[in-house]
Amino acid sequence: MKRLLQLLLFLFLFASCHEKEDRLEQALRQAGKNRKELEKVLSHYQQLPDGEQKYKAACFLIENMLYHYQYEFPTISEYYQELDSLLVPEKMTKEYIEELREKIKTVEYKIDQKEIRIKEDIRHITAEFLIRHIDHVFELSRYPWCRELSFEDFCEYLLPYRLAREPLEDWIPIYQEQLSGYIRLLVDVEATDSMVCEAFRLYFLGPNEWYIYHFKLDFPPSAFFNKGAGTCYELAMLTTYTLRSLGIPTAWDFTPQWANRSQGHDWNLVFLAGDKQAPF
């Protein structure tokens with residue numbers, strides 16, 4: 001009986017290790033013709049003298065890339081352009097907001113559902129995009145409010161290149177450039193991570209209308225600075241992009257339905273120094 005238990009334990013441990021090793025190979029097989037692009041990323045970091053952690057980060061992203069995708073259709077550029085023309089912060093008067101929902105619905109009704117296609121990351125993402133993103137994330141530790149994270153927390157709350165079904169963008173330098181004035185000020189005053197979070201909480205809740213409309217498609221990361229409207233869903237995306245671009249580990253949480261009212265909610269959770277977690 002003892003030998004049988006030992007054998008079962010050995011088989012369990014072997015299967016667990018084998019499954020972990022196979023996750024990367026499984027993702028590479030699913031990539032099809034795009035496998036070469038993903039292998040370029042792995043090879044790039046394997047050849048760097050100090051590339052071990054970045055190689056592990058690349059493995060994490062590739063292993064978890066399955067089932068991540070974005071939507072595409074022939075008029076998607078026109079769709080975003082029309083919304084850009086409507087969602088201007090300076091226009092957000094009470095009278096304009098009352099008309100805005102109907103105008104947005106008119107734009108969204110133009111989408112032909114039959115023409116929508118799914119573009120899978122695993123089959124289309126490029127080596128250049130992934131390498132650039134990974135390098136950007138590893139550079140975030142230069143900010144004085146950043147703290148050392150476990151590799152698991154780093155991968156979960158800083159490393160991901162996308163949040164939902166948004167069009168892919170190299171969003172970290174976009175956000176850092178957009179917020180450069182605030183970043184310089186926060187660096188000068190030697191801000192802590194909690195001070196950074198509070199500064200941007202006040203910044204986000206300024207002139208914007210965050211409970212006006214839930215859009216059918218996710219915006220590109222760069223579009224949020226010029227929207228001036230949305231719901232808690234869009235605000236949670238903006239917050240996650242912003243704080244992660246500043247090296248602050250951030251989670252995006254939600255409830256689909258409250259127990260006492262017919263409504264859900266999205267919010268953020270930030271991981272601060274001293275092992276503190278704060279809803280945001």
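Which backbone oxygen does the side chain of T240 reach? In this predicted model, the side chain of T240 reaches the backbone oxygen of A236, at 2.7 Å; a polar contact is a pair of N or O atoms within 3.5 Å, where within protein one must be able to donate a hydrogen and the other to accept it, and residues adjacent in sequence count only if both atoms are side-chain atoms. The model is predicted, so local features need pLDDT of at least 70 and side-chain atom pairs count only at pLDDT 80 or more, while totals for chains, interfaces and linings use all residues. Residues are numbered from 1 along each chain as its sequence is written, and side-chain values use heavy atoms, with hydrogens and water left out.

**Helix α5**

- Helix α5 covers residues 94-109, 16 residues in total; helices (H or I, at least four residues) and strands (E, at least two) are DSSP runs numbered from the N terminus.
- From its first C-alpha to its last, α5 reaches 24 Å, close to the 22 Å expected at 1.5 Å a residue, the expected span being 1.5 Å times one less than the number of residues.
- A kink of about 35° is centred on L100; the bend at a residue is the angle between axes fitted to the seven residues ending there and the seven starting there.
- The buried residues of α5 are Y96, I97, L100, I104, V107 and E108, where buried means under 20% relative accessible area, exposed over 50%, and partly exposed in between (1.4 Å probe, protein chains only).
- These buried residues pack against α4 (76-86), contact meaning heavy atoms within 4.5 Å.
- An α-helix has 3.6 residues a turn, so residues three or four places apart point the same way.

- T240 belongs to helix α12 (residues 232-245) and counts as buried because its relative accessibility is 1%.
- Leaving aside neighbours within four places in sequence, T240 is in contact with L163, T250, W252 and N268.
- D193 is located in helix α11 (residues 193-204) and counts as buried because its relative accessibility is 8%.
- Residues up to four places away in sequence not counted, D193 touches W145, R147, I248, L272 and A273.

**Positive phi in loops**

- Y67, a residue other than glycine, has a positive phi near 75°.
- Y67 sits in the loop between α3 (52-63) and β1 (69-72) and, at 68% relative accessibility, counts as exposed.
- E190 is not a glycine either, yet its phi is positive, about 55°.
- The loop between α10 (180-188) and α11 holds E190, which counts as exposed at 66% relative accessibility.
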